[in-house]
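Thank you all for coming.

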Amino acid sequence: MPLIRPSRRAVLASGAAFLAMPAISRASSRPVFTHGVQSGDVDATSGMIWTRTDRPARVSMEVATTDSFTDARVLSNMDAIPTSDMAIKRLVSGLPSDQDIFYRFTAADLSDVNAVSEPLIGHFRTAPTARRDVRFAWSGDTAGQGWGIDDDGMMTYSTMAKHEPDFFLHSGDTIYADGPMEDEKEQPDGTMWKNTTLIDSKRKVAETLQEYRDQWKYNMMDRHVQAMNAAVPTFMQWDDHEVVNNWSDSKDLMGDDRYTVKSVHLLQARATQAFHEMTPLRRSAEEPARVYRKISYGPMLDVFFIDLRSYRGPNNAEMTETLTDDQRVFGAEQIAWLKEELTKSKATWKVIASDQPIGLIVWDNFRDQAGSEGIADGTNGPAKGREVELADLLRFIKNAGIDNTVWFTADVHYTAAHYYNPNEAQFSDFTPFWEFVSGPLHAGTFGPNAMDNTFGPEVKFVKAPPEGQSNLPPSMGLQFFGLVDIDGATQQMTVRLMDRADTELYSVTLDPVGIAI
């Protein structure tokens with residue numbers, strides 16, 4: 001992995017300097033950027049950039065290949081206005097490949113254009129068009145179960161940033177819109193955890209559009225999150241807590257007294273708008289609210305982001321061995337898209353970024369709503385229910401001769417490595433593959449979950465709380481992320497499971513099939 005140029009480190013330094021400023025300051029006559037910068041969905045020639053102002057403002061943007069901005073290209077202005085909560089984002093295209101890119105925002109108050117902000121700088125690196133070493137990090141589950149921003153902050157983000165990944169893959173549960181926080185929360189040893197940074201919108205479940213927006217802004221108040229966002233692009237996907245726990249189209253909130261809004265469809269619509277406003281996610285022309293997509297990061301890596309939440313049937317659907325719409329978890333359109341894109345991919349490695357694991361059993365028993373929350377049905381037998389749609393996908397991958405698929409996920413709040421072995425499976429018509437689980441980033445630690453044997457998962461490694469313990473706070477250190485290195489010379493993929501203290505817990509190197517190394 002080549003060393004990052006000192007100018008990139010200057011971005012982290014400038015981020016730290018920015019973070020010393022108040023998060024919001026309306027006392028000043030000049031606009032302020034309230035929640036730092038973000039970049040995301042970067043490929044060889046383009047990337048998304050994002051920021052937010054404290055008032056209606058005209059935001060000017062420049063991009064350059066050095067942090068001195070001597071070669072800057074000036075982009076068209078954008079207006080940050082209340083209809084998007086003063087957040088703006090845009091696609092920057094026409095960039096050189098395999099290049100450090102610096103972007104700079106400056107804001108002018110729309111009511112007084114002579115009042116101009118201090119500039120704010122961010123960084124990302126475009127994907128290569130030739131083989132070189134590639135590194136990315138992944139994890140999920142941020143600020144859940146009442147564990148918010150304490151004096152130490154969300155330290156796992158800083159630990160990941162030290163490894164200088166090309167990008168960070170956030171596997172979902174990016175916020176906990178259904179997880180109210182209090183000023184203090186008792187830890188297992190009886191001492192009190194103090195959420196020293198807290199806003200009113202985090203003291204209740206999110207229901208209004210503004211409350212959903214504020215969930216995102218809360219996480220970006222953390223200094224570690226802001227510093228990493230300024231230096232490393234994030235590729236976002238979502239799961240359930242961006243809306244409400246274990247949601248599907250049939251979620252019933254009538255028995256949940258925390259909610260005055262009982263329509264999961266209305267909550268989902270508001271949550272979806274906030275998700276797209278507050279993240280550097282590309283929008284699809286065909287389906288503007290779509291989360292599933294493919295991002296190519298050089299000739300060795302395609303990342304397929306799937307959405308197992310938006311198109312699923314009810315969690316308590318009747319399970320049969322014949323696929324019905326109620327049993328789908330991908331949805332017909334998404335699964336057709338994924339098959340087509342996998343078939344067309346020329347990349348060495350096809351990473352499937354999933355918001356839920358495959359073989360781990362996750363029950364939907366919240367408020368007495370029974371059924372499988374995940375893919376696994378818990379019967380350890382032939383594929384039934386949601387497993388039928390996955391079985392069809394795995395069979396397709398095998399029959400189409402699609403090699404080197406690897407799954408990365410989070411969701412269950414511990415870390416593990418699973419090898420899916422058809423020789424040990426009830427459904428065996430698939431090519432063996434690996435699935436790696438990591439998280440939480442800053443939330444309660446749980447697990448481990450029981451495994452369903454339909455697809456023959458072998459647990460190669462697991463790190464979770466001791467038996468009988470659950471919802472352990474970040475202060476106990478069981479916060480996890482993963483690092484993936486693809487070697488430019490051999491094209492081998494090395495996956496490492498890490499903890500918040502930067503301890504390597506497990507490592508495995510995978511040889512690409514069908515590639516002369």
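The largest pocket in this model, which is a predicted one, has a volume of about 580 Å³. Its lining is made up of 25 residues, and those that lie nearest the centre of the pocket are His241, Asn245, Asn246, Val362 and Asp411. If we sort the lining of this largest pocket by class, we find eight nonpolar residues, ten polar ones and seven charged ones.

The second largest pocket holds about 280 Å³ of space. It is lined by 17 residues, with Asn404, Thr405, Pro432, Phe433 and Val513 closest to its centre, and the elements that contribute two or more residues to this lining are helix H7, spanning 386-399, together with S17 and strand S19, the latter covering 433-437. By class, the lining of the second largest pocket comes to twelve nonpolar, three polar and two charged residues.

At least two lining residues come from each of strand S10 (167-170), helix H3 (209-219), helix H4 (223-231) and strand S13 (234-236). What classes of residue make up the lining of the largest cavity? There are eight nonpolar and seven polar residues, and no charged residues.

Now the aromatic side chains. The count of aromatic pairs comes to 26. One of them joins Phe136 and Phe408, whose ring centres are 5.7 Å apart and whose planes stand at 75°, and because an angle over 60 degrees counts as edge-to-face, that is how this pair is classed. Since Phe136 belongs to strand S9 (residues 134-139) and Phe408 to strand S17 (residues 405-409), the pair ties together parts of the chain that are 272 residues apart in sequence. Both Phe136 and Phe408 are buried.

A further edge-to-face pair is formed by Trp238 and Trp247, with 5.8 Å from centre to centre and 75° between the planes. Trp238 has a relative accessible area of 1%, and as the limit for buried is under 20%, Trp238 is counted as buried; Trp247, with a relative accessible area of 1%, is likewise buried.

Coming back to Phe136 and Phe408, I would point out that they belong to one aromatic cluster, whose other members are Trp138, Phe167, Phe235, Tyr297, Phe305, Tyr419, Trp434 and Phe436. There are also rings with a charge over them: the charged end of Arg104 sits over the ring of Phe69, 4.1 Å from its centre, and the charged end of Lys185 sits over the ring of Trp147, 4.9 Å from its centre.

Let me finish with the chain as a whole. The protein chain contains seven helices and 23 strands. Its radius of gyration is 22 Å, which is close to the 24 Å that the globule rule gives for 517 residues, and the chain is therefore as compact as a globular protein of that length. The C-alpha trace spans about 70 × 60 × 45 Å along its principal axes, and 61% of the 517 residues count as buried.

How values were computed
Residues numbered from 1 in each chain as written. Predicted model: local features only at pLDDT ≥ 70, side-chain atom pairs only at ≥ 80, totals over all residues. Heavy atoms only, no water. Phe/Tyr/Trp six-rings, centres within 6.5 Å; stacked < 30°, edge-to-face > 60°. Helix = DSSP H or I, 4+ residues; strand = E, 2+ residues; numbered from the N terminus. Buried < 20%, exposed > 50% of the residue type's maximum accessible area, 1.4 Å probe, protein only. Lys NZ or Arg CZ within 6 Å of the ring centre and 35° of its normal. 1 Å grid on protein atoms, 1.4 Å probe; cavity = no way out; pocket = protein on both sides within 12 Å on 5 of 7 lines; lining within 4 Å. Points joined across faces, edges and corners; volume = space filled by probe spheres on them. Nonpolar A, V, L, I, M, F, W, Y, C, P; charged D, E, K, R; others polar. Rg over C-alpha atoms; globule rule 2.2 N^0.38 Å.
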